[in-house]
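These are my notebook entries on a single protein chain. I looked up its strands, its pockets and a few individual residues.

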Amino acid sequence: MSQESDVIRVLIAKVGLDGHDRGVKIVARCLRDAGMDVIYTGLHRSAEEVVDAAVQEDVDILGVSLLSGAHMTVFPKIIEFLKKKDAEDIILVGGGVIPDDDVVALKKMGVREILLQDTPPEAIVASMRRLVQERGAR
């Protein structure tokens with residue numbers, strides 16, 4: 001985990017033109033209530049902006065919420081920027097409305113977990129903890 005602390009640090013982002021953020025705010029609150037440090041970048045960010053913020057904030061997890069249908073364009077860009085910034089140790093997760101076939105493709109690209117709109121809050125928290133534990137110390 002980041003720094004000397006054992007607190008999981010998560011940056012949550014909305015990339016692109018998607019203007020719906022109720023769900024991502026609920027996720028941010030459930031992670032924060034579970035003891036994680038959570039940073040929410042707000043709406044309409046670019047892939048490069050969220051990767052820069054994730055690196056600058058030294059997060060364990062970069063969570064990207066997409067409802068716009070642009071996930072097959074956005075995630076490859078994020079993965080590319082993580083590689084360019086030598087930040088592939090940041091765990092990339094996605095959430096929102098994503099078809100099952102695309103979930104498989106995104107995981108093959110390197111998105112570690114996809115949490116769909118009906119994922120219960122406790123399952124989201126458990127997934128973040130599991131992913132950081134599986135990755136181990138940085």
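**Entry 1**

I began with aspartate 58, which counts as partly exposed because its relative accessibility is 23%. For this term I used the following cut-offs: buried means under 20% relative accessible area, exposed means over 50%, and partly exposed lies in between, with a 1.4 Å probe and protein chains only. The model is predicted, so I noted that local features need pLDDT of at least 70 and side-chain atom pairs count only at pLDDT 80 or more, while totals for chains, interfaces and linings use all residues. Residues are numbered from 1 along each chain as its sequence is written, and side-chain values use heavy atoms, with hydrogens and water left out.

I located aspartate 58 in the loop between helix 2 and strand 3. Helices (H or I, at least four residues) and strands (E, at least two) are DSSP runs, numbered from the N terminus. The phi of aspartate 58 is near 55°, a positive value in a residue other than glycine. Most residues other than glycine have a negative phi.

I then found histidine 44, also not a glycine, with a positive phi of about 60°. Histidine 44 sits in the loop between strand 2 and helix 2 (47-56). It counts as partly exposed, because its relative accessibility is 44%.

**Entry 2: Strand pairs and crossovers**

Which strand is joined to strand 1 by four bridges? I found that strand 2 (residues 37-40) is the partner, and the two run parallel. Two strands pair if DSSP finds at least two bridges between them. Leucine 11 has isoleucine 39 in strand 2 as its bridge partner. From strand 1 the chain passes through helix 1 to strand 2, in a right-handed β-α-β crossover. A crossover is right-handed if, with the strands pointing away from the viewer, the path from the first strand over the helix to the second runs clockwise.

I looked next at strand 4 (residues 91-96) and strand 5 (residues 113-116), which run parallel and are joined by four bridges. Glycine 95 has leucine 115 in strand 5 as its bridge partner. With helix 4 (residues 100-109), strands 4 and 5 make a right-handed β-α-β unit.

**Entry 3: The largest pocket**

I recorded about 410 Å³ of space in the largest pocket. A pocket is an open set of points on a 1 Å grid over the protein atoms alone, where a 1.4 Å probe fits, with protein on both sides within 12 Å along at least five of seven lines; lining residues have an atom within 4 Å of a point. Grid points are joined across faces, edges and corners, and a volume is the space filled by probe spheres set on the points.

The largest pocket is lined by 26 residues, of which Gly23, Val24, Val27, Gly95 and Gly96 are the closest to its centre. Helix 1 gives the most to this lining, with five residues. By class, I listed 16 nonpolar, nine polar and one charged residues in the lining of the largest pocket. Here Ala, Val, Leu, Ile, Met, Phe, Trp, Tyr, Cys and Pro count as nonpolar, Asp, Glu, Lys and Arg as charged, and the others, Gly among them, as polar.

**Entry 4: The second largest pocket**

The second largest pocket has a volume of about 170 Å³. I noted among its lining residues Ile79, Leu82, Lys83 and Arg112. Helix 3 provides the largest share of this lining, three residues. The lining of the second largest pocket divides into six nonpolar, one polar and four charged residues.

**Entry 5: Buried residues and their contacts**

Is glutamate 113 buried or exposed? Glutamate 113 counts as buried, because its relative accessibility is 13%. It lies in strand 5, and its side chain makes a polar contact with the side chain of arginine 130 (2.7 Å). A polar contact is a pair of N or O atoms within 3.5 Å; within protein, one must be able to donate a hydrogen and the other to accept it, and residues adjacent in sequence count only if both atoms are side-chain atoms.

Serine 65 lies in strand 3 and counts as buried, because its relative accessibility is 11%. I found a polar contact between the side chains of serine 65 and lysine 14 (3.1 Å).
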